[in-house]
Amino acid sequence: RALTTSVFICSQCGHEESRWLGRCPDCGSWNTFEEVLKNRTKKGAAHGPRSRSTANPVQLKTVEAEDDITRLKTGSIELDRVLGGGFVPGSLILIGGEPGIGKSTLLLQVLFRLASMGLKVLYVSGEESPGQIRMRAQRLQSDVPEGLWLLAETDILQVEKAIFELSPDFIVIDSIQTMISPDIQSAPGTVSQVREASRRLMEIAKGGGAPVAIVGHVTKEGVIAGPRVLEHMVDTVLLFEGQRTENFRLLRTVKNRFGATHEVGVFEMTESGLRDVPNPSEFFLSLRPSSVPGSVIVPVMQGTRPILVEIQALVSHSYLAVPRRTTIGIDSNRLALMLAILEKRLDMPFFDKDVFVNVVGGMKIQETATDLALCLSLVSSLRDQPLPNDLIVFGEVGLSGEIRPVSFWDLRINEAQRLGFSKAVIPFVDMLREDKTQENLVGVTGLRDAIEVAF
Ligand code: TYD
Ligand code: MG
């Protein structure tokens, strides 16, 4: 009787086959199958998933809801926001991001706070020695709390053993790509290793009830180290982003079983670690040049809160047969659509112009509510005429140039007023809904009117 058996796993999507295939039937990628030896007896017996419930059905009525009170608050308003209110007991959280962006720093700070609250927390590092971690810790905080434990280890079985003995309240694994399971014959970071380590960590989280936060390095393609399978296994996926040359960082909720997705937390990297940026609008607008053609401020909804961001457009004469259209932070199809509407409805010549659009601060905008702002920034740059400094605009632009209402119009206006923007060009329908009529709040029905009143 064979004790080991081999399976083939696609390193792109984690699809499993019993034989090698040239092309994955699931995700369609070529040459991605990797042979994985599995130890049969070991897997089933000792490490099978421990189920928390019995096989008896229960009446939903009699089940008590898991309350928010049981969440572990991190002490960082921004982190709690993206988590949906804090760490949920027994959950597995993946924090992805490029190397050097600040994942280890963020989690070490969380551990500091939790340990200061009297919890026992464990930091497992497969990347740094205890001495190196201590060095980083000294930058963050001089007095190290007693409850913070370290383990420099890459063998997942040893990690499992240590967690079992210490029984911490919160665990960080830094990073999943360094963890290895000795009974699997492939290199660290391969899909089979990552999968096996994650499976064990999931059991630890579900079994012991301590949340487990896993660091995952993101590859150039933006995928969390090839194995998408990891994203399916965890409860929450957070992505840490930002330009390494600049100090602000965005933490984005990509997936969350216990809260809203598209939530964004904003941080600033300082000499002594990451700091919350509770007022992102102020932060993003702080470096805004005044009276520059092509610059428009728009309130965008990021999860549940409005944030004011600056859209910049640069329209210049093109020497190419096919003019360039480049966007950063905004959908290029949306730009193409707005350009077509401006050309067709307002006879504005963009066909012989290169067009560049940038959302300042690394924000990514997916809302159609930014259409009007995008159009105005294009017109402003085309005419080389700046818009008023105290103006905000929002509204969806339809194919015939009509301005359509957007959601959360009141939150957007409030945020703009809070920051001293006194003039707003908004959809006419939204203005009607504003009960207290305000001067400087202009409702528009068409793109032509909008351009007229804005300048
Ligand atoms: P790190 O957390 O090691 O990144 P990751 O774990 O995602 O690879 O972040 C390292 C960077 O952060 C490094 O360039 C130094 C910088 N840093 C600060 O600016 N201030 C600090 O207090 C710390 C600890 C790091
Ligand atoms: Mg790190």
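Which strand does Ala 313 lie in? The answer, strand S14 (residues 305-317), is one of the stops on this tour of a predicted model.

**Figure 1**
Welcome to the overview. The protein has 13 helices and 21 strands, and its C-alpha trace spans about 80 × 55 × 50 Å along the principal axes. The assignment divides the protein into domain 1 (1-42), domain 2 (70-278) and domain 3 (283-454). Between the C-alpha centres of domain 1 and domain 3 there are 49 Å. Of the 455 residues, 41% are buried. Among contacts with a separation of 6 or more, 67% are made by residues 24 or more positions apart.

The mean pLDDT of the protein is 87, and 90% of the residues reach 70 or more. Residues 41-48 have pLDDT below 50, and this stretch makes 4 contacts in the model beyond near neighbours in sequence. Where pLDDT is low, predicted coordinates should not be read in detail. For the model scores, ipTM is 0.97 and pTM is 0.78.

**Figure 1. An open sheet of 9 strands.**
Follow the strands across this sheet in the order S6-S5-S7-S8-S4-S9-S10-S11-S12; their pairing is mixed. At the edges are strand S6 (148-152) and strand S12 (273-276), each of which pairs on one side only. On average, and ignoring direction, neighbouring strands of the sheet are turned by 25° against each other. Helix H6 (residues 191-208) packs on the sheet, where it touches S4, strand S7 (170-174) and strand S8 (212-217). The direction of H6 makes about 155° with that of S8.

**Figure 2. Parallel and antiparallel pairs within the sheet.**
Here you can compare the two senses of pairing. Strand S4 (residues 92-97) and strand S9 (residues 236-241) are a parallel pair with 5 bridges; Gly 96 has Leu 239 of S9 as its bridge partner. Strand S10 (residues 248-256) and strand S11 (residues 264-270) pair in the antiparallel sense, over 5 bridges, and Phe 248 stands opposite Glu 268 in S11. S11 and S12 also run antiparallel, joined by 4 bridges. A hairpin of 2 residues links S11 to S12, and Thr 270 is found opposite Gly 273 in S12.

**Figure 3. Strand S16 and its partners S14 and S15.**
Now look at strand S16 (residues 353-359), which runs antiparallel to S14 and is joined to S14 by 7 bridges. In this pair, Val 315 has Val 355 as its bridge partner in S16. Strand S15 (residues 325-328) runs parallel to S16, with 4 bridges between them. There, the bridge partner of Thr 326 in S16 is Phe 356.

**Figure 4. Ala 313 and its surroundings.**
This view returns to the residue of the opening question. Ala 313 has 26 C-beta neighbours inside 10 Å, so Ala 313 counts as buried. Leaving out residues up to four places away in sequence, Ala 313 touches Gly 294, Val 355, Phe 356, Val 357, Ser 377, Leu 378 and Ser 381. Take Phe 356 as an example: 43 residues separate Phe 356 from Ala 313 in sequence, while their C-alpha atoms are 5.6 Å apart.

**Figure 5. Ile 307, another residue of S14.**
Ile 307 is found in strand S14. Is Ile 307 buried or exposed? Ile 307 is buried, because 23 other C-beta atoms lie within 10 Å. Apart from neighbours within four places in sequence, Ile 307 is in contact with Pro 280, Ser 281, Phe 284, Val 300 and Gln 302. As for Phe 164, its C-alpha atom is 44 Å from that of Ile 307, and the two residues are 143 apart in sequence.

**Figure 6. The two faces of helix H13.**
Our last stop is helix H13 (residues 447-454), in which Leu 447, Ala 450, Ile 451 and Ala 454 are buried. Seen down the helix axis, these buried residues fall within an arc of 95°, so they line one face of H13. An α-helix has 3.6 residues a turn, so residues three or four places apart point the same way. On the face of H13 turned away from the buried side, you will find the exposed residues Arg 448 and Glu 452.

Key:
Residues numbered from 1 in each chain as written. Chains lettered and ligands numbered in written order. Predicted model: local features only at pLDDT ≥ 70, side-chain atom pairs only at ≥ 80, totals over all residues. Buried ≥ 20, exposed ≤ 12 C-beta atoms within 10 Å, placed from the backbone. Arc of directions from axis to C-beta. Contact = placed C-beta atoms within 7 Å. pLDDT = per-residue confidence, 0-100. Pairing = 2+ DSSP bridges. Axes fitted to C-alpha atoms, helices over the stretch in contact; angles between N-to-C directions. Domains from an automatic or database assignment.
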